[in-house]
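Here are a few friendly notes to read alongside the structure. Take them one at a time, and keep the 3D view open as you go.

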Amino acid sequence: MKSKAHRAFIENCEDILARQSDVVINDKALEAFAQTLTASSFVPDWKEYISAAAQDDAHYDFKRAFYEMAMIVANQGGFIYEDATGAAQKWQVNGSGARAMVEKMAEIRNAGALPFYDLAPAEIEAKIRPLLAGVPFADERIDIFKAFADPARHQAVMDLLDAAFDGEKYTFDMGFAEKLAQVMPEGFGNDPFFKKSILAALMAAANGHHHGIKSDVSDMTIAADYILPQVLNADHIGVLSFSPALTEKLQKREIFRENADEVTALRAAAVVACARLAEISGLSAQDIDGALWLAGRKLPNARPHMMCKTMQF
């Protein structure tokens, strides 16, 4: 049974959908697509996201792996920015904003500038600011790194992990995602969909899986970003339909505010649709997310994804 926090989160997303008309879930298409989904035994290790020290097989420390994973995931946003002409651009490597951040974090680690493990909060500005030249949302990223460098914040996250562990496994539920956002508001707290705090727990759990660490993430929803609505709206999937006005804005690559009604509707629709897909198919939200991620790698018949200038996702 899903937690109270999970049920409240889904109900809130359903309420958002009921109050707007730009995004509609097509029930027949959803049911048909659900029948095509199958569970995958593949669990990514995400090892390139964290340091070698955090995943040493001989001395694996899941808590350190979690903290480093949370640190980079807290920065997994702010990829869309405006150029000098006001046009939307994307900070990316080979088309991927996530890849750009992975490479930036590797540069930070190689410079001996990993917050908390190498640097105290007072050292962040001098050591990391030069490494963020040309990176969108540099000021916000500095604040995130300062927070992660703070021993008190580190201890607070360790306390959350201790509370989530029953001696055999970690339970990462929607309540955990909300608490992580409260502890680290700079990186996770400015998002009503808790995208990055959900993603941090999912990715850390996946990394731990490869080291024998057991985690239960069944209560987590999908991490609502800018890609999932695009995939669900693709012609060959058709789970989501967009209004002509929204479609025109997407086609024109209009930059949305992070709290724009259209952005909220798109993200809420993705959460609700994926929850229904999981219920019908019997798969987990993470299985659904993985299937859609794979589908999103080849989308010849989809509208452009939303362009939103935000650190939320």
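At what angle do helix α1 and helix α13 pack, and how far apart are their axes? Keep in mind throughout that this is a predicted model.

1. **Two packed helices.** Two helices that pack together are described by the angle between their axes and by the distance between those axes. Helix α1 covers residues 4-18 and helix α13 covers residues 261-281; they pack at an angle of about 125 degrees, and their axes are 9 Å apart. Angles of 65 to 115 degrees count as roughly perpendicular and those over 145 as roughly antiparallel, so α1 is oblique to α13. The crossing of these two helices, α1 and α13, is left-handed.

2. **Who touches whom.** On the α1 side, the contact is made by Phe9, Ile10, Cys13, Glu14, Ile16 and Leu17. On the α13 side, the residues include Thr264, Ala265, Ala268 and Arg276. What kinds of residue make up the contact of α1 with α13? They divide into eleven nonpolar, one polar and two charged.

3. Helix α10 (residues 195-209) has 15 residues, and at 1.5 Å a residue it should span 21 Å. Is α10 mostly covered or mostly exposed? It is mostly covered, as 14 of its 15 residues are buried.

4. **A buried valine.** Find valine 102 in helix α4. Its relative accessible area is 4%, and buried means under 20%, so valine 102 is buried. Leaving aside its neighbours within four places in sequence, valine 102 is in contact with Glu48, Tyr49, Ile72 and Gln76. Alanine 84 is 18 residues from valine 102 along the chain, and the C-alpha atoms of this pair are separated by 26 Å.

5. **Positive phi at asparagine 94.** Asparagine 94 lies in the loop between β3 (88-90) and α4 (97-110). Its phi is near 55 degrees, a positive value in a residue other than glycine. With a relative accessibility of 77%, asparagine 94 counts as exposed, because the cut-off is over 50%.

6. **Positive phi at arginine 253.** Which loop holds arginine 253? Look between α12 (244-251) and β7 (255-256). Phi of arginine 253 is near 55 degrees, again a positive value in a residue other than glycine. Its relative accessible area is 41%, so arginine 253 is partly exposed.

Key:
Residues numbered from 1 in each chain as written. Predicted model: local features only at pLDDT ≥ 70, side-chain atom pairs only at ≥ 80, totals over all residues. Heavy atoms only, no water. Axes fitted to C-alpha atoms, helices over the stretch in contact; angles between N-to-C directions. Helix = DSSP H or I, 4+ residues; strand = E, 2+ residues; numbered from the N terminus. Parallel < 35°, antiparallel > 145°, perpendicular 65-115°, else oblique. Left-handed = near helix turned anticlockwise from the far one by under 90°. Contact = heavy atoms within 4.5 Å. Nonpolar A, V, L, I, M, F, W, Y, C, P; charged D, E, K, R; others polar. Buried < 20%, exposed > 50% of the residue type's maximum accessible area, 1.4 Å probe, protein only. Expected span 1.5 Å × (residues − 1).
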